[in-house]
Amino acid sequence: MKTSWRSASLVASAVTVLALTTACGQEDGSAASSQNVGVTAPAGGIAGVGAGIGGVGAGVSPSTSAPAVAGGVGTGAAAGAGAGANAQGSAGELAVSANAELGKVLIDGNGMTLYRFDADLAEPPKSNCDGDCAKKWPPVSADDASAGDGIDKSLLGEVTRSDGSKQLTVDGWPVYRYAKDANAGDTNGQGVGGKWFALAPDGKKAKADSALPGLSVRKDPNLGEIVVDKNGMTVYRFLKDKAWPKPVSNCNGACLEKWPVVAPVEANDTQGVQKKGLMNFTRGDGVQQMTVNCSPIYTFSGDKAPGDINGQGVGGTWYAVAPDGKLVGAPKQ
C-alpha cells in the first residue's frame, strides 16, 4: 500500500467525520514489506504435493496436470515429502479459487482457504496470533510457498514469528489456515470475531464484486426499509448502546463474536441512509465503528446470506435499523 495513498485516505476520512460529528454533541470522530520468497511454479498441477495420508499416496509431479487423488496408495518419495510438508503448515503452490460469496479467494496447495487477521500488521509485517490463537489459526509456513497462476509472486514474503519460525505473508499480511475448515473450499473462518477474513490474491480481504455502496437501504418483505452493508447483510443496533451525547458501544468481548462491528464508511459511499449523525467513533477497545444517527451498528454472525434477518429481536435487545437510524420492530421505550 502506497504511503501517499494512505495519507490521502486518512485526510479525506478526517474531513468527512469533522463535518458530521457535531450531530452527536461532544464526540470527536476519527477515521481510522516483507522479503520476497515467491517463485512461480510451472503451470498445471500442485507443485510437490503428495496426496496420501501419513506419507502414503501417489504424489503428483510439478509438471503433471492431473490433480492429486486423496488417499491414493503408492511408494513415491514425493508422496511422503508432500504429506510431511503439509503437516508442518507449508503452503505449496498457492492458487486462486472462485467463491460464490467472497469472489476470488487465495488457497494453498491442498485447496484450503487462507486467512488474514486484522490485529496483525503488514507494514512492517507482524503476527499477533500466538499460543491458543495459533492453535485455532495455524500459521502457514513460508518454506515452500510459490505463486501459481493469477498470483503476483512479488507479493509473497515471510515474517519471523516469536518462536523463530518463518510465516508466509501476502502483501505483508501474515497468512493462516482455520482449524475448523475440514475440507478444501471451506470458508468457516470468514468474519470470525469481526477480525478474520479470507485472503484475496492481492493480500486484501476477499469480497465478491458488488455494486452496493458501503451502506444502503433494502426493502424487506417483513420489516420494510432497513439498512444493509456493502455485502447486502442486514445491519443491527443494540438497545444497551448509547448515542447521546456521544456514541458508546456496550457490546464487547464474546458479544463481538456474534455481532461484528460495521467498519467506518464514508458519507459519500452511502445511499438512502440519513446523513445526519452518520459518522464513526473510537470504541473502548480502540476499534473504529460506524454509526447511523450516532447509534453504533453491527452485523449478525447468524446471518449467512444477504437478505437474512436472523438477528431481528434476538434477546429482545437487537433490532434492524431504519434509514433514519431508528430501531425497526422494537418495543416502545
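**Notebook: rings, disulfides and core**

I started with Arg116, which lies over the face of Trp173, 3.7 Å from the ring centre. I count a charge as over a ring if NZ of Lys or CZ of Arg is within 6 Å of the ring centre and within 35 degrees of the ring normal.

I note that this is a predicted model, where local features need pLDDT of at least 70, side-chain atom pairs count only at pLDDT 80 or more, and totals for chains, interfaces and linings use all residues. Residues are numbered from 1 along each chain as its sequence is written, and side-chain values use heavy atoms, with hydrogens and water left out.

**Overall**

I looked up the secondary structure and found four helices and 17 strands. Both are DSSP runs numbered from the N terminus: helices are H or I with at least four residues, strands are E with at least two. Of the 333 residues in the protein, 42% are buried. Buried means under 20% relative accessible area, exposed means over 50%, and partly exposed is in between (1.4 Å probe, protein chains only).

**Aromatic pairs**

I searched the whole structure and got twelve aromatic pairs. Rings of Phe, Tyr and Trp (its six-membered ring) pair if their centres lie within 6.5 Å; planes under 30 degrees apart are stacked, over 60 edge-to-face, and the rest tilted.

One of the twelve is Trp137 with Trp196. This pair is stacked, at 3.8 Å centre to centre and 0 degrees between the planes. The two residues are 59 apart in the chain: Trp137 is in the loop between helix H3 (132-136) and strand S6 (146-147), and Trp196 is in strand S10 (residues 196-198). I checked burial too. Trp137 is buried at 4% relative accessible area, and Trp196 is buried at 5%.

Next I took Tyr236 and Trp259. Their ring centres are 5.5 Å apart and their planes are at 80 degrees, so I logged the pair as edge-to-face. Tyr236 sits in strand S13 (residues 236-238) and Trp259 in the loop between helix H4 (254-258) and strand S14 (279-282), so the pair ties together parts 23 residues apart in sequence. Tyr236 is buried at 0% relative accessibility. Trp259 is buried at 4%.

I also traced a cluster: ring pairs link Tyr115, Phe117, Trp137, Tyr176, Tyr178 and Trp196.

**Disulfides**

I found two disulfides. The cut-off is a pair of cysteine sulfur atoms within 2.5 Å.

Cys129 is joined to Cys133, S to S 2.0 Å. This link is left-handed, with -110 degrees about the S-S bond. Cys129 is buried at 0% relative accessible area, whereas Cys133 is partly exposed at 22%.

Cys251 is joined to Cys255, S to S 1.9 Å. This link is also left-handed, with -105 degrees about the S-S bond. Cys251 is buried at 0% relative accessibility.

**Core**

I looked up the largest nonpolar core, which has 14 residues. Such a core is a set of buried Ala, Val, Leu, Ile, Met, Phe, Trp, Tyr and Cys residues joined through side-chain atoms within 4.5 Å. Among those with the most contacts inside it are Leu94, Leu156, Leu168 and Val175.

I then followed Leu168. Leaving aside neighbours within four places in sequence, Leu168 is in contact with residues including Leu94, Val140, Leu156, Trp173 and Val175. Contact means heavy atoms within 4.5 Å.
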